[in-house]
Amino acid sequence: MRTLTIRRPDDWHVHFRDGDILKSVVPFTARQFGRAIVMPNLTPPIVNSKMAMAYRGRILAAVPSDVSFTPLMTCYLTDATDPSDLAAGHRDGIFTAAKLYPAHATTNSDHGVTAIEKIYPVLETMQESGIPLLVHGEFVHHDVDIFDREKAFIDIVLLPTLKRFPRLKVVMEHVTTTEAVQIVRENRPRMGATITPQHLLFNRNAIFQGGIRPHMYCLPVLKREHHRTALRAAATSGEPGFFLGTDSAPHLRHLKENSCGCAGVFSAPVALQAYLRVFAEEKALEHFEAFASLNGPAFYGLPPNEGSLTLAEKPGTPPGATTIQNQGEIVPLFVEEQVDWSVIQGT
Ligand code: DOR
Ligand code: ZN
């Protein structure tokens, strides 16, 4: 039985939601990861440091008492973001980064940024204060095919922004294309990218396998096989620009299995097992620690976690659907499947 001991990993992109859902999903992440970058797209969104502080308190209250876990908070950028509140929040250790949701690009992005020029003063402040900009990299327009949104974002929004703000640190979240992988490589070290398990495991055929598969629908949408191949090469290379970010995005079953289903894959309960499947298939287990535990902290200027985690190639049955009191249930990735790896020990 192969085993692997790594520094305790982090999840550099996760959605916890709020209320009863938050209480149910936080333990899955907190048991595997030391820290997580928490997305701010709640209703209403987390747009200032006061809201972020309160939200952090609600997350910490949901962390099981026997684990140590630090949520790293992000500010949801809008056309009206106050640069001084963001800078003060960062200085005070409340905000680790700020998230750009182009308006109407994804879940709860209606308050997002309508045109990048509107936040130039905020980007100026972020560049000066060293606050990383995390981007949902999709350009949404009726003339742009949904499968081309990421490339359009790179050409229309990202490249001009990188040029105008040459010292701004940028993470392209949940990259899905060869073009995104290339942009990250060309803009090291000030750029990095997170990669989700679903974009490494599946191509777009998975959404339509034998019928429509709402649990395979996420944004950015799954892409063609050659893009998946490029993502797998990037993730398993150990290159410092690529790090683990699950984009675990819980939605109630009835809101996904719906005539207008929500986007998101709930991967938190099996996140490490999902990535390990990829690294084992690519015969790159020796690079897993870099991807999961070292590259992210290095980008954010943080030390790696102190503790460690031992994983073993031992078949396991992942948890079934998570029940949310009075609301329904949330179906995780790999439900009713076996996984090849198990977490056997953590410190
Ligand atoms: O699939 C997604 N779900 N992509 C996102 O960008 C947002 C997320 C969510 O919040 O549900
Ligand atoms: Zn996300």
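Q: How far is the side chain of His136 from an oxygen atom of ligand 1?
A: An N or O atom in the His136 side chain sits 3.2 Å from an oxygen atom of ligand 1. Keep in mind that we're looking at a predicted model.

Q: Okay, and how much of ligand 1 does the protein bury?
A: Taken alone, the ligand exposes 290 Å², and the protein buries 100% of that.

Q: Which residues are the closest ones around it?
A: There are 14 residues surrounding ligand 1, and the closest are Arg17, Asn41, Thr107, Leu219 and His251.

Q: What do the polar side-chain atoms of Asn41 and Thr106 do there?
A: For Asn41, a polar side-chain atom lies 2.9 Å from an oxygen atom of ligand 1. For Thr106, the distance from a polar side-chain atom to a ligand oxygen is 3.0 Å.

Q: Switching to the zinc ion, ligand 2. What are its protein donors?
A: His13 and His15, each through NE2, plus Asp247 through OD. They lie 2.0 to 2.1 Å from the zinc ion.

Q: How are those donors spaced along the chain?
A: The spacing is H-x1-H-x231-D.

Q: Where do His13 and Asp247 sit, then?
A: His13 is in strand β2 (residues 11-14), while Asp247 is in the loop between β9 (242-244) and α9 (253-256).

Q: Are His13 and Asp247 buried or exposed?
A: Both His13 and Asp247 are buried.

Q: New topic: the nonpolar core. Which residues in the largest one touch the most other members?
A: Phe16, Leu77, Met126 and Phe288, out of 95 residues in that core. Helix α10 (residues 271-281) gives the largest share of this core, eight residues.

Q: What is Phe288 in contact with, leaving aside its neighbours within four places in sequence?
A: Its contacts are Leu4, Ile6, Leu272, Tyr275, Leu276, Phe279, Ser293 and Leu311. There's also a second, separate core of twelve residues, with Trp12, Ala97, Leu134 and Tyr300 among them.

Q: Where are they, and is each one buried or exposed?
A: His174 is in the loop between β7 and α6 (178-186). With a relative accessibility of 2%, His174 falls under the 20% cut-off, so it counts as buried. Asn326 is in the loop between β11 (322-324) and β12 (328-330). Its relative accessible area is 80%, over the 50% cut-off, so Asn326 is exposed.

Q: Last one: where is Pro166, and what does it contact?
A: Pro166 is in the loop between α5 (149-164) and β7 (170-172). Leaving aside its neighbours within four places in sequence, Pro166 is in contact with Gln127 and Arg190. Pro166 and Gln127 are 39 residues apart in sequence, and 8.4 Å apart from C-alpha to C-alpha.

Key: Residues are numbered from 1 along each chain as its sequence is written. Chains are lettered from A and ligands numbered from 1 in the order in which they are written. This is a predicted model: local features need pLDDT of at least 70, side-chain atom pairs count only at pLDDT 80 or more; totals for chains, interfaces and linings use all residues. Side-chain values use heavy atoms; hydrogens and water are left out. A nonpolar core is a set of buried Ala, Val, Leu, Ile, Met, Phe, Trp, Tyr and Cys residues joined through side-chain atoms within 4.5 Å. Buried means under 20% relative accessible area, exposed over 50%, partly exposed in between (1.4 Å probe, protein chains only). Helices (H or I, at least four residues) and strands (E, at least two) are DSSP runs, numbered from the N terminus. Contact means heavy atoms within 4.5 Å. A residue is near a molecule or strand if one of its heavy atoms lies within 4 Å of it. A polar contact is a pair of N or O atoms within 3.5 Å; within protein, one must be able to donate a hydrogen and the other to accept it, and residues adjacent in sequence count only if both atoms are side-chain atoms. Accessible areas come from the Shrake-Rupley method with a 1.4 Å probe; for residues, only the protein chains shown count as cover. Donors are N, O and S atoms within 2.8 Å of the metal (3.2 Å for Na, K and Ca); water is not among the atoms, so sites may look incomplete.
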